[in-house]
Amino acid sequence: MANGLLGHFVRALDEKNRIVLPPELRSRLDSEVVASRWYDHSLALFTESEYALFAESLHAQGSSDPSTRLARREIFGGATLVGIDKQGRMSLPERLLSGVLMREDIDREMVVLGDWNKVLLFSGLRFRDMDKEGQVNLD
């Protein structure tokens with residue numbers, strides 16, 4: 001059995017900006033996770049220990065390069081601890097969702113992807129667009 005976070009799931013975002021994590025991922029996460037802005041207009045969910053490892057590696061890159069400074073501002077400044085309740089629900093802060101959802105009034109489906117050491121959350125609309133453009137040939 002793999003030890004990482006794996007899988008592709010689709011979940012609804014309710015009117016309170018809550019999402020229910022799939023049991024396959026929830027069982028491998030803590031009751032609190034670090035939610036952070038991430039690449040490709042997504043959010044990343046890390047356990048605190050995984051986030052600490054990632055943060056150390058980003059911090060070690062310094063801040064002299066402008067693109068590194070931008071990444072640090074977005075990722076560190078856009079991070080917060082989020083609780084997961086016993087039903088697997090978590091409330092996503094509006095300030096994090098604003099960079100993910102294409103249209104908050106109709107974009108209420110989230111694609112949840114296991115990415116080994118983190119979980120990625122994408123807007124359903126945005127993910128479909130990205131999926132059409134960026135198919136990787138694994139042959």
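The legends below describe close-up views of a predicted model. Local features require pLDDT of at least 70 and side-chain atom pairs pLDDT 80 or more, whereas totals for chains, interfaces and linings use all residues. Residues are numbered from 1 along each chain as its sequence is written, and side-chain values use heavy atoms, with hydrogens and water left out.

**View 1. The largest nonpolar core comprises 23 residues.** A nonpolar core is a set of buried Ala, Val, Leu, Ile, Met, Phe, Trp, Tyr and Cys residues joined through side-chain atoms within 4.5 Å; buried means under 20% relative accessible area, exposed over 50%, and partly exposed in between (1.4 Å probe, protein chains only). The residues with the most contacts inside this core are Ile 19, Leu 45, Met 90, Leu 92, Met 110, Val 119 and Leu 121. At least two core residues each come from strands E3 (32-38), E4 (42-46), E7 (109-114) and E8 (119-123) and from helix H4 (94-97); helices (H or I, at least four residues) and strands (E, at least two) are DSSP runs, numbered from the N terminus. Another core, of 14 residues, lies apart from the largest one and includes Trp 38, Phe 46, Leu 113 and Leu 120.

**View 2. Helix H2 (48-60) has one buried face.** Tyr 51, Phe 54, Ala 55 and Leu 58 are the buried residues of H2. Because they fall within an arc of 105 degrees seen down the axis, they line one face of the helix; the arc is that of the directions from the helix axis to the C-beta atoms. Leu 53, Glu 56 and Ala 60 are exposed on the other side of H2. The buried residues pack against E3, E4, H3 and E5, where contact means heavy atoms within 4.5 Å. After H2 comes Gly 62, with a positive phi near 75 degrees.

**View 3. The buried residues of helix H3 (residues 66-77) are Thr 68, Ala 71, Arg 72 and Ile 75.** They cover an arc of only 100 degrees around the axis, which puts them on the same side of H3. Pro 66 and Arg 73 are exposed on the face turned away from this buried side. Packing partners of the buried residues are E3, H2 and strand E5 (79-83).

**View 4. The largest pocket has a volume of about 210 Å³.** Its lining consists of 13 residues, of which Arg 37, Trp 38, Tyr 39, His 41 and Glu 74 lie nearest the centre. H3 contributes the largest share of this lining, 5 residues. On a 1 Å grid over the protein atoms alone, a pocket is an open set of points where a 1.4 Å probe fits, with protein on both sides within 12 Å along at least five of seven lines; lining residues have an atom within 4 Å of a point. Points are joined across faces, edges and corners, and the volume is the space filled by probe spheres set on them.

**View 5. Gly 78 occupies the loop between H3 and E5.** Gly 78 counts as buried because its relative accessibility is 0%. Not counting residues up to four places away in sequence, Gly 78 touches Ala 35, Ser 36, Arg 37, Arg 73, Arg 95 and Leu 96. Gly 78 and Leu 96 are 18 residues apart in sequence, with a C-alpha to C-alpha distance of 6.8 Å.

How values were computed: Expected span 1.5 Å × (residues − 1).
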